[in-house]
Amino acid sequence: MKLLTANFISCAVKACKSSPLSFPLHFRDAELASKPVPYNPLLLSNLLPRLDWAALVTSSKELGFTLPETKPELPRLSASSFAATTGDGDMNMDGGAVGEEDEKTLRMLHKVLMETEVVEGKMVCGSCGFEYGIHQTVGNFLLPSHLV
Amino acid sequence: MFYFSRALPRRYQSPSASFLYIVKPIQEINLPLSVTSKRNRTISSSTSIKMAATGDSLAPVSNLPPPMREYLIHFAQVHETFRKPELESLAKLFNIDYEILQYSEKAPFARIALKSNSAAKTLISRSILCKAIYELWGTGTTYDEVHTSVKSRTSHLWHLYKTCSFKFGFESFNGMRSEAAKKDLIESFSYVGFDGPIRMKNPDELFVIMEDYEATSMVDLERFKALNIDEKAETPARNPTHLDEPHQIYFTRFVGKSSRAIIETYDLKKRNYIGTTSMDAELSLVTANMAHVGPGKLAYDPFVGTGSFAVACAHFGAVTFGSDIDGRMIRGTKPKKSLRSNFEQYKIMDRYGDMFVSDLTNSPLGRFGADAEGGKGGRSEQIFDAIICDPPYGVREGLKVLGSRDPSRPKVPTIIDGVAQHTRKDFVPPKRPYSFDKMLNDIMNFSSTHLVANGRLCIWLPTADEDFNEFSIPTHRNLKLESVCVQNFNKWSRRLLTYTRYEVDQDELVAEDNTLSDATGEPLDSAHAKLARTADALNPFRRKYFEGFKTPPSED
């Protein structure tokens, strides 16, 4: 389970869907692994508008990462600057016109969102307290029948 | 709502009638349906000479407005109903203006107008069902006509290729010639005066003569199809079902190659981890093309299984997420045999988003308590650029979702020896049968809420052939149907439906969840409800599958 995915996920219990406490789920007993993957500024630029920043800051803290309190404003990289890379989706690594400060933020985001994974652990709903297990990086969001 | 015209197999068009499909009118100039009859070609050649003087461009065969040039696409003669939708999808993805001038599902050669060689290269680069794209130098029904056409259209270009290395290729569809005959035909083009070295490997330029042979009669169509499929069959001296001479000949210069070769790379036989229902590499990659996945985008498969679509989407650059109600499919049962191991095998781990265990009817995806960013009417669940799925047909074990079989069961945790059973590590949540139609509805609703504006949904659906007339395409007010492709099997078929999420929500009302009756809400004690809740009753396709797709006896 990546922090990226955690930013898209709430408690699956229907009764929790109206509660702001059901998002984000809180990590508990998390065992982390880090795996370097190629830096992808276009992806990060596309991700940024889709992230709930406050939730990401909360989740990151739970796993020991510190992110700025406000969402960084970054120039939107356009896919057209990467249009030449059509054949196999391999990315061209010079992120275009990104400033030094922005670059630093993007590298940090890359590390937090794409390179860090919870291998074993739990995610807990702040509203109903239900615990979702994470095993071999795969989160389990199935509910027992009394909750569906 | 039915869409017969798209789903029905096209009737054979006699190529001599040169049926033209104008797919997309070019902005300002509304072309007349220019039929490439001989007369028409003579007329256009006079205007084309004038155009040729303006630069090193080709004079068009048909009446094309100036920036458009004519190309020939060589398709693979497979999955015919997918070929044009794939091409159209890629043109839209790369924002390329095009016009299909000639296309038939019965032939591998199609003529298309594009603005430039770079547009042609880009358009074809990701295609799985195209083989390559060529500049069309000349065409005709006889070699004399081809030579006349090539001379009038391209003589001003010959000097460009005078000294480079080159090679001539030969492609015949449904016909054949001896090597000696090929050589003679190639030499008949010697007037182009290329003096450079002939190189069989990696030539600077590749010129190809292509021949299309017409079937002698439509009655032989079945046989012609059979001959076509079995490439290893003995090759007779001549193809008995086809005429001795081609009915259409093209002379072309190679411009760009497709991605068709990657089918081999992703071949299931060489994949580390697969399951019984893994979608083959070719159709997975085509689906990824239909879904417009690409670098920097996010894709999701809610029935990910062993990850065929996930791998295909990742190949084209998308970061891919997937879930399945069965965690064993994702994790695998043996060490080093898991969905993740496939990403490692193909060295695409940087595009592995996450895989998790969940059920679409109780999906955790979405930020239910959170407000949309910026408050500009955005939806906080807008996450994915593409949703791709091949939902379970329910044939193997019936379609299931979370919940108890008995809806009257009290909603309390099961406690044995003081331990709430769902907190145990080995707890397997109970599942209940579900109707296929209801699941479809869930997928459509989920896609409407979770796709970004202009995001795409690709979904595979099975049908028994006898049901063809009843097959209705699922609709949703926020999803626009883009295309329907059909893959036929013996007695059943499956369809790939592609939708685009409208930028803003549409007003038209949708059917509410509960209008679909499947009796799963009724108490178990009624005999009717019991019967209605069996996997067969909920899933007509499954029932017909096991009945062997027998046609019910007719009234007489």
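Reader: In which strand of chain B does B:Asn454 lie?
Author: B:Asn454 lies in strand β16 (residues 451–464) of chain B; strands (E, at least two residues) and helices (H or I, at least four) are DSSP runs, numbered from the N terminus. This is a predicted model, in which local features need pLDDT of at least 70, side-chain atom pairs count only at pLDDT 80 or more, and totals for chains, interfaces and linings use all residues. Residues are numbered from 1 along each chain as its sequence is written, and chains are lettered from A and ligands numbered from 1 in the order in which they are written.

Reader: What is the phi of B:Asn454?
Author: B:Asn454 has a positive phi of about 65°, although it is not a glycine. Most residues other than glycine have a negative phi.

Reader: Why does B:Asn454 count as partly exposed?
Author: B:Asn454 counts as partly exposed because it has 13 C-beta neighbours inside 10 Å. A residue is buried if 20 or more other C-beta atoms, placed from the backbone, lie within 10 Å of its own, exposed if 12 or fewer, and partly exposed in between.

Reader: And A:Asp29, is it buried or exposed?
Author: A:Asp29 counts as exposed, because it has 12 C-beta neighbours inside 10 Å. A:Asp29 lies in strand β1 of chain A and has a positive phi of about 50°.

Reader: Turning to peptide bonds, what is the omega from A:Phe23 to A:Pro24?
Author: That peptide bond, from A:Phe23 to A:Pro24, is cis, with omega near -5°. A:Pro24 is found in the loop between α1 (3–6) and β1 (26–34) of chain A.

Reader: How many helices and strands are there in chain B?
Author: Chain B has 16 helices and 18 strands.
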